[in-house]
Amino acid sequence: MRALVYDRYGQPDQLRLEDMPLPVPGAGEVLIEVMATSINLSDWESLTGKPAYARIGGLRAPRRRVLGSDIAGVIHAVGDGVEGFRVSDEVYADNLALKGGLAEYAIAPASAVALKPAGLSFAQASTIPQSGAIAVQAVARAGAGERMLINGAGGGTGAFAIQLAKAAGLQVTGVDTAEKLDFMRALGADEVIDYRAQDFTRTGPYDVIIDLVASRSVVAFRRALARGGRYFMVGGTTRTLLRLLTLGPLVGRLSGTRLGVLFVHEGPAQFTPLAQRVLAGDVAVHIDTVFPLEQAPEALALHGTGRARGKVVVAVREE
Ligand SMILES: NC(=O)c1ccc[n+]([C@@H]2O[C@H](COP(=O)([O-])OP(=O)(O)OC[C@H]3O[C@@H](n4cnc5c(N)ncnc54)[C@H](OP(=O)(O)O)[C@@H]3O)[C@@H](O)[C@H]2O)c1
């Protein structure tokens with residue numbers, strides 16, 4: 001099978017197509033014939049080896065040679081002990097542990113896989129697992145009527161989160177680059193902020209902040225919160241993560257707020273609810289561009305340089 005591999009942390013030019021033997025699923029695993037894989041920030045972080053936590057399990061060189069965790073495809077083989085899936089089933093999966101979606105076939109634990117609803121294309125289904133799970137869990141932190149700010153709201157997760165937050169009756173402020181302000185408005189954001197022109201920690205206060213690209217000080221985050229407000233880092237720099245884990249609880253206690261990290265639960269139970277919302281027409285999937293496997297390095301570059309509105313998808317096979 002053809003797979004896009006890399007052996008060193010770096011830029012998309014590290015990626016190359018290689019022929020590899022067809023993997024064989026072990027006990028509890030399935031082999032998926034990949035139709036489409038969406039790109040996540042975690043793919044970019046694993047490619048570049050930055051921030052530092054992206055090197056967990058592979059300090060000097062990547063441990064998994066093939067990127068791509070949000071996979072949609074068709075079951076090609078099942079390992080021993082797998083129940084609930086058969087060959088030819090159409091599925092989608094959050095395969096963050098094994099990755100491998102930028103290839104013609106990928107192994108996934110059956111526990112990471114769900115049956116794909118017939119109403120979703122493979123490309124659409126591939127956009128949902130990681131971003132959907134994050135968006136659903138993040139938006140659930142706020143109640144109707146509250147003011148929610150989403151930092152990094154024009155990307156893959158933010159595009160789902162804005163829509164879910166509006167449907168939940170929240171007042172939503174989206175923060176991203178100037179080029180994505182119209183996109184965020186079209187998704188339903190009440191207010192939008194260009195982070196290069198305005199500092200969101202001085203425009204609040206907000207009841208809940210969801211930070212997909214956290215890079216500020218704990219004091220700045222606290223300043224942005226209303227009394228009783230909650231700040232959740234979802235992604236961002238290692239420095240910010242460490243500051244929040246150490247100083248966040250103390251600053252929160254002293255100021256009547258809560259500042260911490262949202263550790264997202266993965267798996268089908270987390271992402272299938274969003275697929276149901278998409279099927280019901282409550283939430284739309286926004287795909288910026290679909291690339292063939294040969295152009296997957298461009299897909300990573302488009303996502304990694306922050307130009308994509310919503311999701312970027314690699315169509316490994318034509319639907
Ligand atoms: N906590 C957990 O358990 C967990 C689990 C899985 C994933 N994650 C994390 O969750 C996050 C998901 O992000 P995603 O997939 O939605 O990423 P994405 O699609 O890349 O979106 C991020 C957006 O943020 C914008 N941005 C970059 N720097 C910014 C800044 N300083 N201020 C405001 N906006 C900025 C980007 O645009 P520009 O680059 O053009 O500025 C882009 O539009 C990732 O950080 C991932 O690592 C966390």
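**Contacts, strands and helices**

Student: Leaving aside neighbours within four places in sequence, which residues is E146 in contact with?
Tutor: Contact here is a matter of heavy atoms within 4.5 Å. With neighbours within four places in sequence left out, the partners of E146 are R141, L170, Q171, D207, V208 and R230.

Student: Where is the place of E146?
Tutor: A note on the model first: it is predicted, so local features need pLDDT of at least 70 and side-chain atom pairs count only at pLDDT 80 or more, while totals for chains, interfaces and linings use all residues. Residues are numbered from 1 along each chain as its sequence is written, and side-chain values use heavy atoms, without hydrogens and water. Helices (H or I, at least four residues) and strands (E, at least two) are DSSP runs, numbered from the N terminus. On that basis, E146 sits in the loop between α3 and β8 (147-151).

Student: With the side chain of which residue does the side chain of E146 make a polar contact?
Tutor: A polar contact is a pair of N or O atoms within 3.5 Å; within protein, one must be able to donate a hydrogen and the other to accept it, and residues adjacent in sequence count only if both atoms are side-chain atoms. The E146 side chain reaches the backbone nitrogen of G143 at 2.8 Å. Its side-chain partner, at 3.0 Å, is R230.

Student: In which sense do β11 and β12 pair?
Tutor: Two strands pair if DSSP finds at least two bridges between them. Y206 stands opposite L225 in β12. Over five bridges, strand β11 (residues 206-211) and strand β12 (residues 225-233) pair in a sense that is parallel.

Student: Which are the edge strands of the open sheet of six strands?
Tutor: This sheet has parallel pairing and runs in the order β10-β9-β8-β11-β12-β13. Edge strands each pair on one side only, and here they are β10 (191-194) and β13 (258-261).

Student: How many residues of β5 are buried?
Tutor: Buried means under 20% relative accessible area, exposed over 50%, and partly exposed in between, with a 1.4 Å probe and protein chains only. Strand β5 (residues 90-94) is mostly covered, and of its five residues the buried ones number four.

Student: What is the bridge partner of V91 in β7?
Tutor: β5 pairs in the antiparallel sense with strand β4 (residues 70-78), over five bridges. There the partner of V74 is E90, and that of I71 is A93. β5 also pairs with strand β7 (residues 113-115) in the antiparallel sense, over three bridges. In β7, V91 has as its partner L115.

Student: How are α3 and α8 oriented to each other?
Tutor: Axes are lines fitted to C-alpha atoms, for helices over the stretch in contact, and angles run from 0 to 180 degrees between N-to-C directions. The axes of helix α3 (residues 129-139) and helix α8 (residues 268-280) come within 8 Å and cross at roughly 90°. Angles under 35 degrees count as roughly parallel, over 145 as roughly antiparallel, 65 to 115 as roughly perpendicular and the rest as oblique. The two helices are therefore roughly perpendicular.
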